[in-house]
Amino acid sequence: MTLSPGTRVRARLADPDHHTRLPAYVRGQTGEVVEAAGQWPLPDDRARGIRPPRVETVYSVRFPAAALWGSGTHWVVVDLWESYLEEDMP
Amino acid sequence: MGADHAGHPAAVRVRQLEEQVIAAGLATDAELDATLARLYAHASPLNGSRIVARAWADPGYAARLLADGNAAAAELGFDTGHPGSGYRLKVVPNTPGTHNMIVCTLCSCYPVSLLGPSPSWYKSLAYRSRAVREPRAVLAEFGLRLPSGTQIVVWDASAENRFLVLPARPPGTDGLAEEELAALVTRDGLIGTAAV
């Protein structure tokens with residue numbers, strides 16, 4: 001999966017019982033890829049001692065405040081590993 | 001380590017964690033001490049200020065800084081790429097219509113070497129939860145009241161991707177030398193909770 005800037009994506013609703021860097025406040029929310037932010041080991045694998053951990057592209061994804069909180073005009077940009085995301089098919 | 005904090009309850013927990021790490025063979029006491037010593041030896045917001053001042057003074061440097069924060073920091077002698085503790089440095093520029101602000105909602109990720117040890121409020125639950133939800137109100141509490149038309153962008157950091165705000169150059173500073181410009185920049189300006 002390669003996501004170019006502007007691609008609409010949805011953060012997964014997963015609620016794993018292990019460590020993850022997918023913040024609860026964006027789960028299930030739709031945002032837009034700002035840019036790819038490098039390739040990094042998946043924190044979920046590292047925290048569970050899985051060796052070698054999966055290495056994935058991390059994407060900076062921006063979410064509109066109104067979608068996250070029901071109000072506000074700001075953007076929140078969150079860095080999300082590829083497996084936290086799915087393309088948002090309209 | 002951290003003898004000055006030895007009596008603090010958190011220090012006891014940290015020491016227990018260190019002992020588990022050492023017992024598991026992941027690192028030695030000396031390695032942990034050396035890592036912290038290296039991290040804090042030159043960590044200061046003066047480093048971030050120098051980067052900002054150079055960017056204000058040199059448009060070519062500013063362009064390189066926005067394209068590749070790590071490489072531009074290295075030009076000034078700041079190494080952000082230590083094996084095992086390296087990270088991508090992303091510099092986000094304030095413009096007349098946009099104001100950037102940094103938070104780490106899940107913990108307290110922060111470019112320590114460029115900004116110095118993070119302030120306690122940066123690690124507080126209040127800042128971490130409110131910055132993403134009501135940044136305009138949080139900024140007002142810091143004394144920064146932005147025009148209602150200013151677009152606020154909040155960047156939620158991770159250990160792998162950390163941010164530095166490039167404040168807008170204040171008006172009336174055209175004649176200043178780079179060192180004088182650097183003296184205008186504050187740590188809070190680099191986090192985005194102050195204008196400069």
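Modeller: Start with contact: two residues are in contact if their C-beta atoms, placed from the backbone, lie within 7 Å. Residues are numbered from 1 along each chain as its sequence is written, while chains are lettered from A and ligands numbered from 1 in the order in which they are written. This is a predicted model, in which local features need pLDDT of at least 70, side-chain atom pairs count only at pLDDT 80 or more, and totals for chains, interfaces and linings use all residues.

Biologist: How many residues of chain A are in contact with chain B?

Modeller: On chain A, 15 residues touch 15 residues of chain B.

Biologist: Which strands of chain A each supply at least two residues of that side?

Modeller: Helices (H or I, at least four residues) and strands (E, at least two) are DSSP runs, numbered from the N terminus. Here the strands are E2 (30-41) and E4 (75-81) of chain A. E4(A) gives the largest share, five residues.

Biologist: How do the residues on that side of chain A divide?

Modeller: Ala, Val, Leu, Ile, Met, Phe, Trp, Tyr, Cys and Pro count as nonpolar; Asp, Glu, Lys and Arg as charged; the others, Gly among them, as polar. On chain A's side, ten are nonpolar, three polar and two charged.

Biologist: Which strand of chain B do bridges join to E4(A)?

Modeller: Two strands pair if DSSP finds at least two bridges between them. E4(A) runs parallel to strand E3 (residues 151-156) of chain B, with four bridges. Trp75(A) has Val153(B) as its bridge partner. Val77(A) has Trp155(B).

Biologist: What else do bridges join to E3(B)?

Modeller: Strand E2 (residues 98-103) of chain B, also parallel, through six bridges. There, Met101(B) stands opposite Val154(B).

Biologist: Is E3(B) mostly covered or mostly uncovered?

Modeller: A residue is buried if 20 or more other C-beta atoms lie within 10 Å of its own, exposed if 12 or fewer, and partly exposed in between; C-beta atoms are placed from the backbone. E3(B) is mostly covered, with five of its six residues buried.

Biologist: At what angle do the axes of H3 and H4 of chain B cross?

Modeller: Two packed helices are described by the angle and the distance between their axes. Axes are lines fitted to C-alpha atoms, for helices over the stretch in contact, and angles run from 0 to 180 degrees between N-to-C directions. H3 (residues 45-57) and H4 (residues 59-67) of chain B cross at roughly 125°, their axes coming within 5 Å. Ile51(B), Arg54(B) and Ala55(B) of H3(B) meet Tyr61(B), Ala62(B) and Leu65(B) of H4(B).

Biologist: What does chain B average in pLDDT?

Modeller: pLDDT is the predictor's confidence in each residue, from 0 to 100. Chain B averages 91, and 94% of the residues score at least 70. The model scores ipTM 0.96 and pTM 0.90.
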